[in-house]
Amino acid sequence: MGILLWPLYRLADARGQLFAWVPVFLGCGIAIWFALRFEPGLAFYGAVAAILLALTALHRLGPELLHPPLVIAACLAAGLLAAGVRAHMIASPMLEHRYYGAVQGRVINIDRSQSDALRITLDRVVLQDMPPAKTPIYVRISLHGQEVNLDPGQVVLLTASLAAPEGPAEPGGFDFRRMAYFQQLGAVGYTRSPVLLWDEAAPGTQMINRLRTNLTRAMIAAVPTEAGAFATGAMTGDRSAISLDTVQALRDSNLAHLLAISGMNMAFITGFVFALVRYGVALIPVLALRINSKKLAAVAGFAVALFYLLLSGANVATVRAFLMVCVMLGAVLLDRRALTMRSVALAGVILLLVQPESLLEPGFQLSFAATVVLIAGFSALDRQILREKLPRWLMPVFTLVLTSVLAGVATAPFAAATFNRFTDYGLLANLLTVPMMSVLMAAGAMAALLAPIGLSGPALWVMEQAGAWILFIAHWIAGLDGAVTPIVQPGPWVIPLITFAGCWAILWKGRVRWLAAMPLVLGLALWVSTERPMLLISSDGALVGLMGEGGRALSVARGAGFTAKSWLQDDGDLALQEDAYARAGFSGPKGARGFQLGDWHGLALSGKAAGEALAEACAVADLVVLPSAIALITPKPNGCIVIDRELLDQTGALALSVQNDRLTLNPTRDAQRIWMAERPIWQDRSLAKPRRLLAGQ
């Protein structure tokens, strides 16, 4: 009995230090909700709510020894409820079928797509012959072949091709449709037709977005260089003027985080205003003797942080940074210690309860991982000893190096899992650019303060030079041999195990923290032993990818570019689609590409005549991939297994393998969740060879 109660006694002894675990278990409850293989109903949520109430009552009435496990269970239940409530509260229409026609809407955001095309997001959408109840709230459209000068709030009219956001490119891959659902983005598409201005922005609408656009244009006009575009993007969050080449260089040098309006940007701008106000008051003796300059600076810092949050678009990383700033400035006002693990935990609890879906976003994972490790790392240092052993001039250098190392180690697994790459010289790049980033942010803030009196020129020049240095380092590092090491996509348990190991090592006290090595080693072992699917089929059947000794070969050289890029990146492959098409694996003409999967001979058909060639293909192949629906073909072919568009609508993208002469299918759509289209789920996961082939025909 004593052994069974030992964990409870240890938890009881740690009371007062356990609040940091609240967001961890809250996140576990949210993760469980997203991992469910069914869509919970009212009975499920009623049962979870009843359990939560019962746990609350037991916590108040039960013995203190049971309080920690009761809180853990309550956090899990609260996470489940928060995710479910949020999903149903923001439910909005998604397109049920492809749409081509007139689109009217109000511009609320302007950015660039991954193909460097200008892209607009619309609300107040009107689609031809579509009732309002089925019209998406938000629509995002890429403008191919045109550069337009639009302002947020303007109403535009255009002809566009739209579709519902796609699901994962492969089983276990990133689910863009799920992300779009929680953003209420009901359709995405493109247009090559002109965008017509239907109406000007109404007075008082889209004020923050219009302010961001006006600030961006003013800064770009004053500093019309790539460095100016980078500096503007870092200041306002509007990256539409930054070239694709610059974005790629920042990614390959591990400097893309400088563009994300996150903790560092928020800390720079808020810290600069805090120091400016505090020391500015100190320069005026009459005010310094009568006003608490520290608290006045905290109030000014809060106002600037709130304004910057709204101006930047309030993404997850920015919200986390803002909450942290609020906690820290609140601590200053209350004469408390500002930066602690408790303040991070409080920010995490608020964000997870308000936006549970943020748990799955890279911004949340990278931001909190870096913040937690930095606080833990600097808290573990004896600063008094450091001051005695290190010269004063060396302390900033030591702090910069330690910050870069800790942040790099903390974010490395999440960045590698998200972007499928490790930047080998990322530490060097950050050491050379982070100090200059503080100069850039301070100069940008000074330019904003001096602009009304026409004296922003010198500050903008300093900002441009800082941006030019950062871009010089980014391009130099990205151009070095071995700058990027590709990383294979980890399995579903890898990141949770590594995350739990990190939380245990940092948040738990005593010798048992070394038990964190067990889940860490297990997670890394699972990552190293990850096996990629032998055959992948896109959700529309237009692209097939076969894994070979030289990497994955692709059935087409062009088209389905996003899917092709996703597959290759998840393989840990830096090749382009054209290079993957040239690899050994497929043979035959362009419209009928043959491949071998174990003992199965397959054909990937494409083109307008694919349906007409199906009967001939079934005469020679075991497996045929068809990008159209077989139901439209007469007569129906016999003697082969056909994976057509109708089947793919039920399964989503497919991963295939052959075991014991049977074809095993791993579908993407293996559960019906609220963000998915209402379609039947295809259940047959294993198929035998056609009898004709087994009989030797």
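Biologist: Why is D573 called buried?
Modeller: Buried means under 20% relative accessible area, exposed means over 50%, and partly exposed lies in between (1.4 Å probe, protein chains only). D573 has a relative accessible area of 15%, so D573 is buried. R583 has 19%, so R583 is buried by the rule as well.

Biologist: What kind of model is this, and how are residues numbered?
Modeller: This is a predicted model, in which local features need pLDDT of at least 70 and side-chain atom pairs count only at pLDDT 80 or more, while totals for chains, interfaces and linings use all residues. Residues are numbered from 1 along each chain as its sequence is written, and side-chain values use heavy atoms, with hydrogens and water left out.

Biologist: What makes R583 and D573 a salt bridge?
Modeller: A salt bridge is a side-chain nitrogen of Lys or Arg within 4 Å of a carboxyl oxygen of Asp or Glu. For R583 and D573 the N to O distance is 2.7 Å. The pair links distant parts of the chain, 10 residues apart: R583 is in the loop between helix 22 and strand 12 (592–597), D573 in the loop between helix 21 and helix 22. Helices (H or I, at least four residues) and strands (E, at least two) are DSSP runs, numbered from the N terminus.

Biologist: How many salt bridges does the rule give?
Modeller: The count comes to 11.

Biologist: Which parts does the salt bridge of E357 and R86 tie together?
Modeller: The closest N and O atoms of E357 and R86 are 2.9 Å apart. E357 lies in the loop between helix 13 (341–354) and helix 14 (362–379) and R86 in helix 4 (residues 67–89), so the pair ties together parts that are 271 residues apart in sequence.

Biologist: Buried or partly exposed: what are E357 and R86?
Modeller: E357 has a relative accessible area of 9%, so E357 is buried. R86 has 21%, so R86 counts as partly exposed.

Biologist: What about R532 and D571?
Modeller: Their side chains meet in a salt bridge, at 2.5 Å from N to O. R532 is in the loop between helix 20 (517–528) and strand 9 (535–537), D571 in the loop between helix 21 (561–570) and helix 22 (577–581), 39 residues apart. R532 and D571 are both buried.

Biologist: Which network of salt bridges holds R532?
Modeller: The network links E170, R532, R552 and D571.

Biologist: What makes N420 stand out in its backbone?
Modeller: Most residues other than glycine have a negative phi. N420 is not a glycine, yet its phi is positive, at about 55°. N420 lies in the loop between helix 16 (395–419) and strand 7 (421–423). Its relative accessible area is 4%, so N420 is buried.

Biologist: What of A560?
Modeller: A560 also has a positive phi, near 55°, and is a residue other than glycine. A560 lies in the loop between strand 11 (551–554) and helix 21. At 30% relative accessibility, A560 counts as partly exposed.

Biologist: Why do strand 11 and strand 18 count as edges?
Modeller: Two strands pair if DSSP finds at least two bridges between them. The open sheet of six strands has the order 11-10-9-16-17-18, with antiparallel pairing. Strand 11 and strand 18 (686–688) each have a single partner strand, so one side of each is left without a neighbour in the sheet. Neighbouring strands are turned by 25° against each other on average, direction ignored; axes are lines fitted to C-alpha atoms, for helices over the stretch in contact, and angles run from 0 to 180 degrees between N-to-C directions.

Biologist: How do you know that strand 10 pairs with strand 11?
Modeller: Four bridges join strand 10 (residues 544–548) to strand 11. The rule asks for at least two. M547 stands opposite R552 in strand 11.

Biologist: What makes a space a cavity and not a pocket?
Modeller: On a 1 Å grid over the protein atoms alone, a 1.4 Å probe fits in a cavity but cannot get out, whereas a pocket is an open set with protein on both sides within 12 Å along at least five of seven lines. Lining residues have an atom within 4 Å of a point. Points are joined across faces, edges and corners, and a volume is the space filled by probe spheres set on them. The structure holds one cavity of 30 Å³ or more. The largest cavity has about 60 Å³, and its lining includes G541, K590 and R593.

Biologist: What lines the second largest pocket?
Modeller: The lining has 35 residues, of which L95, A164, R177, A677 and R679 lie nearest the centre. Helix 5 (176–182) and helix 24 (645–651) each give two or more residues. The space is about 900 Å³.
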